[in-house]
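Visitor: I am new to this structure. Please show me how to read its features one at a time.

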Amino acid sequence: MSLLKLVLNNCYFVFEGTHYQQIFGCAMGSPVSAVIAELVMEHIESIALSTTPVKPRWWRRYVDDSSACIRSNDLKTFHNHLNSIDKNIQFKVERASLTDGKVSIPFLDM
C-alpha cells in the first residue's frame, strides 16, 4: 500500500513547457491506472446498484462505459442517483436513437 500511495501521489507531467503535479486521479498511461480505475468503478457500481431507488432491468459495464435498461420515467431518478455517489465521477445519458431506420446506441461512451 505504501508503494501504491507513493505512485499515486507523485504524478508529474509537462504541458506547454510548464511542469505540473497531478493532485487527483491516476496518470494516463501509468500501468497502475487501469487497475485502480477498474477497482473504483466496481466500487461506485456496487454502491449505486445496491442503493438505487429504481432498479434497472440490467446493467453492463466495459471499462468506463456502462449500459443499462431502465424505464424512461425512472431514468432521471436513476441518473441523479448515479451522479450522487461520487462528485468526481459523473455519468452522462445517451439514449438509443434511430439511425438509417434502425434503433442503435453508440458503442463507445454508451
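**Reading a helix and its aromatic neighbours**

Guide: This is a predicted model. Start with helix 3, residues 75-85, where L75, F78, H81, L82 and N83 are buried.

Visitor: How should I read the spacing of residues along a helix?

Guide: An α-helix has 3.6 residues a turn, so residues three or four places apart point the same way.

Visitor: Which elements do the buried residues of helix 3 pack against?

Guide: They pack against helix 2 (33-51) and strand 3 (58-62).

Visitor: How is a pair of aromatic rings described?

Guide: Two values are used: the distance of the centres and the angle of the planes. Three aromatic pairs are present in this structure. One of them joins W59 and F78: the ring centres are 5.9 Å apart and the planes stand at 75°, so this pair is edge-to-face.

Visitor: Where do W59 and F78 lie?

Guide: W59 is in strand 3 and F78 is in helix 3, so the pair ties together parts 19 residues apart in sequence.

Visitor: Is W59 buried or exposed?

Guide: W59 has 14% relative accessibility and counts as buried, because the cut-off for buried is under 20%. F78, with a relative accessible area of 3%, is buried too.

Visitor: What is the geometry of the W59 and F91 rings?

Guide: Their centres are 6.3 Å apart and their planes at 65°, so the pair is edge-to-face. This pair links distant parts of the chain, 32 residues apart: W59 is in strand 3, while F91 is in the loop between helix 3 and strand 5 (97-99). F91 has a relative accessible area of 16% and is buried.

Visitor: What do W59, F78 and F91 form?

Guide: One aromatic cluster.

Technical notes
Residues are numbered from 1 along each chain as its sequence is written. This is a predicted model: local features need pLDDT of at least 70, side-chain atom pairs count only at pLDDT 80 or more; totals for chains, interfaces and linings use all residues. Side-chain values use heavy atoms; hydrogens and water are left out. Buried means under 20% relative accessible area, exposed over 50%, partly exposed in between (1.4 Å probe, protein chains only). Helices (H or I, at least four residues) and strands (E, at least two) are DSSP runs, numbered from the N terminus. Contact means heavy atoms within 4.5 Å. Rings of Phe, Tyr and Trp (its six-membered ring) pair if their centres lie within 6.5 Å; planes under 30 degrees apart count as stacked, over 60 as edge-to-face and the rest as tilted.
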